[in-house]
Amino acid sequence: MILSINYSCKISCIVFLAGLVFLSGCVQTGKTAAFRVSPGKELRVAVLPLDNLSGKTAPLKEIKQSLIDRITLQGVEVLSEKATERFMARYRMRYVGGIDADTAQAFKEEEKVDAVLITSLELYQEGGPPRIGLISRLVSTGSKPVILWMDSIGLTGYDSPGILGLGLIEDSVSLRDKALSLLASSLGEALAGKGKGPNVKGPSTYRPKVFYQAPFIEADKTYTMAALPFFNRSEKRNAGEIVLLHIINALVHQGNFAVLEPGIIRQKFLNIRLIMNEGISLSDADFVANSLNAELILSGKVTDYQDVLLEGGVPKVGFSVSVIEKMSKKIIWASESYNLGNEDVIFFDVGRLNTANTLTSEMARAVAGRMSRRGYQ
Amino acid sequence: MRNFIISGVIFLFLTACAGTGTDEKYRDANMDFGAIQNIAVLPLANLTRDQQAGERVRDVFVTALLATGGVYVIPTGEVAKGISLTGMTNPTAPSKEEILKFAALVKADAVITGVLREYGEVRSGSSTANVISLSTQMIETQTGRVVWSASVTKGGVTFKDRLLGGGGDPLNYVTEKAVDDLINKLFM
């Protein structure tokens with residue numbers, strides 16, 4: 001009798017667990033693959049030299065080589081450095097922070113490359129304690145380059161000090177390798193069709209402080225967006241480019257924005273000699289939107305971007321974003337965001353963000369989450 | 001009893017020194033504010049030492065005005081283009097003719113101009129705090145008349161700051177409060 005009760009209990013447990021596994025498979029999580037890079041297909045990728053936005057000298061060649069080694073492990077075929085350099089020399093390609101449509105087409109035709117990996121170094125410090133910030137994106141080649149994958153990583157040596165400081169990383173090379181491994185594994189996950197899904201949840205601390213949203217964007221529709229260069233009113237050089245990349249990264253992950261490659265927009269601005277002094281005028285916005293086939297024009301301004309390069313220093317970031325809709329020529333989104341890295345701390349530095357990279361990333365995620373109307377809480 | 005009275009007097013004296021917000025406003029009683037749909041916010045005259053202050057405050061003001069949902073604010077890029085095309089000599093204090101010409105170009109029902117008098121840290125003894133002082137006026141573009149004018153001061157060294165220190169509220173927060181206050185004065 002006892003045996004039969006145990007037996008029925010076991011059967012019940014197995015059935016219950018099987019049901020639980022089945023049901024949990026149906027649960028919608030934030031990790032759904034919102035964008036994929038043809039799973040299963042081996043990619044041939046050209047890795048561009050790093051775009052140094054940190055404003056400091058950094059071992060760019062070593063970082064690039066280390067990144068190549070790691071993405072090769074993810075099953076990506078990388079175009080040789082010599083071939084990449086020859087191509088860049090042939091096309092007098094000096095700007096490595098983006099790629100325009102002509103160059104992307106040439107990469108496809110001449111080097112038989114499927115995509116180009118563009119990486120920007122946002123922050124680099126070797127000594128006390130080491131810090132690194134990277135933003136990387138994979139852009140398809142061909143006549144219409146598309147952002148296939150994008151991610152950013154910001155680490156410091158004291159992110160997880162642990163008990164008695166055993167978790168501290170004092171060696172900059174170890175920290176660099178850790179950051180590059182995380183970036184490469186994120187790319188690997190995207191290649192396997194397990195990319196990060198839309199951002200549906202985030203701490204309320206990093207939400208825009210003031211924002212306006214017109215009833216235009218619908219969660220189930222996709223909008224082509226041209227993200228224009230941000231104005232930089234902060235003391236940090238290149239802060240406009242850095243914040244723009246974070247915003248694009250966050251928007252790409254939302255899934256309902258097809259954000260145009262920034263290199264295409266840069267080339268368009270150079271071609272038409274468009275100079276903005278205080279924001280884009282409606283006639284220029286109309287021209288840019290029509291020539292790039294974009295429905296939305298995003299622009300912005302960075303007011304603060306500070307990375308305090310001392311242990312315990314608190315980063316500070318402030319920026320504004322506005323979006324103009326092509327047809328109505330009206331602002332459909334405007335927001336003001338500003339935060340400090342320690343605003344989400346309740347006790348013992350839990351929830352503290354140590355770099356402007358991670359802080360900007362959180363703030364951009366909050367902006368994109370709200371803007372996309374995809375159930376952001 | 002005597003000590004109690006002295007403490008009370010000291011307390012009143014100290015609170016009288018505390019930073020307060022001013023409340024000044026003018027609202028044209030004959031104006032139909034409901035008819036104003038599109039507003040252009042011109043660059044603020046910046047009387048502070050911070051060169052970016054005017055632009056920062058104007059940005060917050062524009063977004064907060066849009067966020068009310070009551071009016072539409074013309075993008076700053078379009079305003080800059082309008083200023084350039086009308087050849088305004090001083091966009092922070094335009095003449096009536098300039099406003100009428102500018103408004104016709106950018107299709108604005110009203111124009112807001114303003115002066116940023118103070119923005120940043122103030123010190124009082126050993127205490128410091130952030131302060132903002134701003135005044136704005138709305139000009140109706142059909143007639144060129146001032147229909148609304150208000151000023152606000154927020155932040156400053158308070159009794160709490162003197163007693164406990166801490167440097168007061170962050171400047172962004174003080175700016176947000178001041179702008180909210182100004183907008184309340186426009187709608188109420």
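**Entry 1: H2(A) and H5(A)**

I looked up which residues join these two helices: A:Glu62, A:Ile63, A:Ser66, A:Leu67, A:Arg70 and A:Ile71 of H2(A) meet A:Arg176, A:Asp177, A:Leu180, A:Ser181, A:Ala184 and A:Leu187 of H5(A). Contact means heavy atoms within 4.5 Å. I sorted the residues of this contact into six nonpolar, two polar and four charged. Here Ala, Val, Leu, Ile, Met, Phe, Trp, Tyr, Cys and Pro count as nonpolar, Asp, Glu, Lys and Arg as charged, and the others, Gly among them, as polar.

I note that this is a predicted model, where local features need pLDDT of at least 70, side-chain atom pairs count only at pLDDT 80 or more, and totals for chains, interfaces and linings use all residues. Residues are numbered from 1 along each chain as its sequence is written, chains are lettered from A and ligands numbered from 1 in the order in which they are written, and side-chain values use heavy atoms, with hydrogens and water left out.

H2 spans residues 60–73 and H5 residues 172–191 of chain A; I found their axes 9 Å apart, at an angle of about 40 degrees. Helices are DSSP runs (H or I, at least four residues), numbered from the N terminus. Axes are lines fitted to C-alpha atoms over the stretch in contact, and angles run from 0 to 180 degrees between N-to-C directions. H2(A) and H5(A) are therefore oblique to each other; angles under 35 degrees count as roughly parallel, over 145 as roughly antiparallel, 65 to 115 as roughly perpendicular and the rest as oblique.

**Entry 2: H6(A) and H9(A)**

I next took H6 (residues 239–254) and H9 (residues 356–372) of chain A, which pack at about 45 degrees with axes 8 Å apart. That angle makes H6(A) oblique to H9(A). Among the residues making the contact are A:Val243 and A:Ile247 of H6(A) and A:Ala364 and A:Arg365 of H9(A). This contact divides into seven nonpolar, seven polar and one charged residue.

**Entry 3: chains B and A**

I found 22 residues of chain B in contact with 23 residues of chain A. The two chains bury about 2100 Å² between them, 55% of it on carbon and sulfur atoms. Buried area is the accessible area (1.4 Å probe) that two parts lose on being put together, summed over both. B:Arg56, B:Thr63 and B:Tyr72 supply 24% of the area that chain B buries against chain A, more than any other three residues.

I also checked this interface for salt bridges (a side-chain nitrogen of Lys or Arg within 4 Å of a carboxyl oxygen of Asp or Glu). Four cross it. B:Arg56 and A:Asp304 form a salt bridge at 3.4 Å, N to O.
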